[in-house]
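This report is meant for someone who is meeting the structure for the first time. Please look through the sequence and the model before reading on.

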Amino acid sequence: MNVASEPAPVAEDAAGRIERRWALVSTGIIGLLVFLATFAGARQASLPQARVETVDPRTLHVAGEFIETNLGSALEPDGSVTVRIVGQEYSFTPQCIVVPTDTLVTFRAASADVVHGFLIQSTNVNLMLVPGYVSTISARFVAPVESAMPCHEYCGSGHQAMWARVRVIDRNQFMKLAKEHRRVSCVAE
Ligand code: CUA
């Protein structure tokens, strides 16, 4: 009787060995991931930021680059276009942005309160607006199009209603508007 029940412990041992081996492998993988995350974080923290621009969110509307009259699209002396935008609960100012085709367009955006998202649909223009910092990204649009610009960071109860529009218009048409208006907007069009 004893002899007949002998093989069972042997099989359990083999299973236990395989299980322990796999536990070791998965622990090793977790250990490696923790090491990589720690190393990458520590390395990034030890390097200077490529470029950090700060801005006081409390005085955004009263002084400096992001006062309301300075928002929208501006033609620069070098022929490029700078777009300045403010995000706040729960809208963007301006609500509609006009940019030209075939031109270097630099977006400069700031938040007046909490973290907001900045995304132009169907493009790789994608930023986070963090209060206290100026977020910038450059883009070149190839063809006239109208895109939605939704906030894609949850910012409060009105988040889903926070979005604006970006209208890409022909370069010549834009340059004509830029001659007549200090800031080109959908209203000026
Ligand atoms: Cu602003 Cu979500």
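Which strands are included in what covers the buried residues of helix 2? The cover includes strand 1 (72-75), strand 2 (81-88), strand 4 (96-100) and strand 10 (163-169). The model is a predicted one, and the sections below go through its parts in turn.

## Overall division

The chain is divided into domain 1, which spans residues 8-46, and domain 2, which spans residues 57-180. Between the C-alpha centres of domain 1 and domain 2 there is a distance of 46 Å.

## Helix 2 and its two faces

Helix 2 takes in residues 171-180, and its buried residues are F174, M175, L177 and A178. These residues lie on the same side of helix 2, because the arc they cover around the axis is only 160°. The face turned away from that buried side carries N172, K176, K179 and E180, which are exposed.

Strand 2 is largely enclosed by the rest of the structure, because 8 of its 8 residues are buried. From this strand V81, V83, I85 and G87 point one way, while T82, R84, V86 and Q88 point the other way, and all of them are buried.

With strand 1 the pairing is antiparallel and has 4 bridges, and L75 has V81 in strand 2 as its bridge partner; the two strands form a hairpin with 5 residues between them, and G79 in the turn has a positive phi of about 90°. With strand 3 (residues 91-93) the pairing is again antiparallel, over 3 bridges, with S91 in strand 3 as the bridge partner of Q88, and this hairpin has 2 residues between its strands. With strand 5 the sense is parallel, over 7 bridges; here I85 stands opposite A109, and G87 has S111 as its bridge partner.

## Strand 5

Why can strand 5 be described as largely enclosed by the rest of the structure? The description holds because 7 of the 8 residues of strand 5 are buried. Besides its parallel pairing with strand 2, strand 5 is joined by 6 bridges to strand 8, and these two strands run antiparallel. In that pairing, L104 stands opposite R140 in strand 8.

## The nonpolar cores

The largest nonpolar core has 33 residues, and those with the most contacts inside it are F92, V99, F107 and F118. The elements that give two or more residues to this core are strand 2, strand 4, strand 5 (104-111), strand 7 (126-129), strand 8 (135-140), strand 10 and helix 2.

Once its neighbours within four places in sequence are left aside, F118 is in contact with I85, F92, F107, A109, V125, N126, L127, L129, M149 and H152.

The side chain of S73 reaches the backbone oxygen of V98 at a distance of 2.5 Å.

With its neighbours within four places in sequence left aside, S73 is in contact with V81, T82 and V83, with I97, V98 and V99, and with F174, R182, R183 and V184. F174 is one of the buried residues of helix 2, whereas V81, T82 and V83 have their place in strand 2.

## R183 after helix 2

R183, one of the residues in contact with S73, has its place in the segment after helix 2. R183 is buried, with a relative accessible area of 19%, a value to be read against the limit of under 20% for buried residues. The side chains of R183 and N70 are joined by a polar contact of 2.4 Å. R183 and E89, by contrast, are 94 residues apart in sequence and 24 Å apart in space, taken from C-alpha to C-alpha.

Notes: Residues are numbered from 1 along each chain as its sequence is written. This is a predicted model: local features need pLDDT of at least 70, side-chain atom pairs count only at pLDDT 80 or more; totals for chains, interfaces and linings use all residues. Side-chain values use heavy atoms; hydrogens and water are left out. Buried means under 20% relative accessible area, exposed over 50%, partly exposed in between (1.4 Å probe, protein chains only). The arc is that of the directions from the helix axis to the C-beta atoms. Contact means heavy atoms within 4.5 Å. A nonpolar core is a set of buried Ala, Val, Leu, Ile, Met, Phe, Trp, Tyr and Cys residues joined through side-chain atoms within 4.5 Å. Domain bounds come from an automatic or database domain assignment. A polar contact is a pair of N or O atoms within 3.5 Å; within protein, one must be able to donate a hydrogen and the other to accept it, and residues adjacent in sequence count only if both atoms are side-chain atoms. Two strands pair if DSSP finds at least two bridges between them.
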